[in-house]
Amino acid sequence: MTRLAPFQPLDVAAVDVAATPVPEDLRLEGEPSTGFIDVAVVGDTTVGIWEMTAGSMRDIEADEVFVVVSGEATVELIGEDGQVTRTIELRAGSLCRLETGMLTRWHVPVGLRKVYILRDIEPEP
């Protein structure tokens, strides 16, 4: 984990995030890759950087808040019936919240980078 030291700024755009191809069962269009790096733990939350290259994929979300720092995306929320129930547009400066279990489709035209705050969930005994 790249640690964010107290009172030490981090250039989010310059952080190297290693990407891996999106698994075939999650890929919808193109050859997208994703990657993330956790940079700090504060209480029961993790702060990190996530990025996705151009393409489309589906995902099951975690409980998080994020701000887009570069790029853009169209994200669809998928209902239990498999139909799109809502669509949002994201761009640099967008702040968004996701909840655990949301089914989404991400359509990224040129690449997206976000900073996330993710609530850590304690494992069940």
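Gly43 counts as exposed, with a relative accessibility of 70%, in what is a predicted model. The residue is placed in the loop that lies between β3 (33-42) and β4 (45-52), and the C-alpha atoms of Gly43 and Pro23 are 32 Å apart in space although the two residues are 20 apart in sequence. Val42, which has its place in strand β3, likewise counts as exposed, because its relative accessibility of 52% passes the cut-off of over 50%. Between Val42 and Glu80, which are 38 residues apart along the chain, the C-alpha separation is 34 Å.

Strand β5 (residues 55-60) takes part in pairing with β2 and with β9. With strand β2 (residues 27-29) the pairing is antiparallel and extends over two bridges, and within it Glu29 stands opposite Ser56 of β5. With strand β9 (residues 103-108) β5 also runs antiparallel, here joined by six bridges, among them the one in which Gly55 has Val108 of β9 as its partner.

Two aromatic pairs are counted in the model. In one of them, Trp50 and Trp106 form a tilted pair, with a distance of 5.5 Å centre to centre and an angle of 55° between the planes. Since Trp50 belongs to strand β4 and Trp106 to strand β9, this pair ties together parts that are 56 residues apart in sequence. Both Trp50 and Trp106 are buried. Phe66 and Trp106 likewise form a tilted pair, the ring centres being 6.1 Å apart and the planes lying at 45°. Phe66 lies in strand β6 (residues 64-78) and Trp106 in strand β9, so that this pair ties together parts that are 40 residues apart in sequence.

Phe66 is buried, with a relative accessible area of 1%, and Trp106 is buried with a value of 2%; both assignments follow because the values fall under 20%.

Conventions. Residues numbered from 1 in each chain as written. Predicted model: local features only at pLDDT ≥ 70, side-chain atom pairs only at ≥ 80, totals over all residues. Heavy atoms only, no water. Helix = DSSP H or I, 4+ residues; strand = E, 2+ residues; numbered from the N terminus. Buried < 20%, exposed > 50% of the residue type's maximum accessible area, 1.4 Å probe, protein only. Pairing = 2+ DSSP bridges. Phe/Tyr/Trp six-rings, centres within 6.5 Å; stacked < 30°, edge-to-face > 60°.
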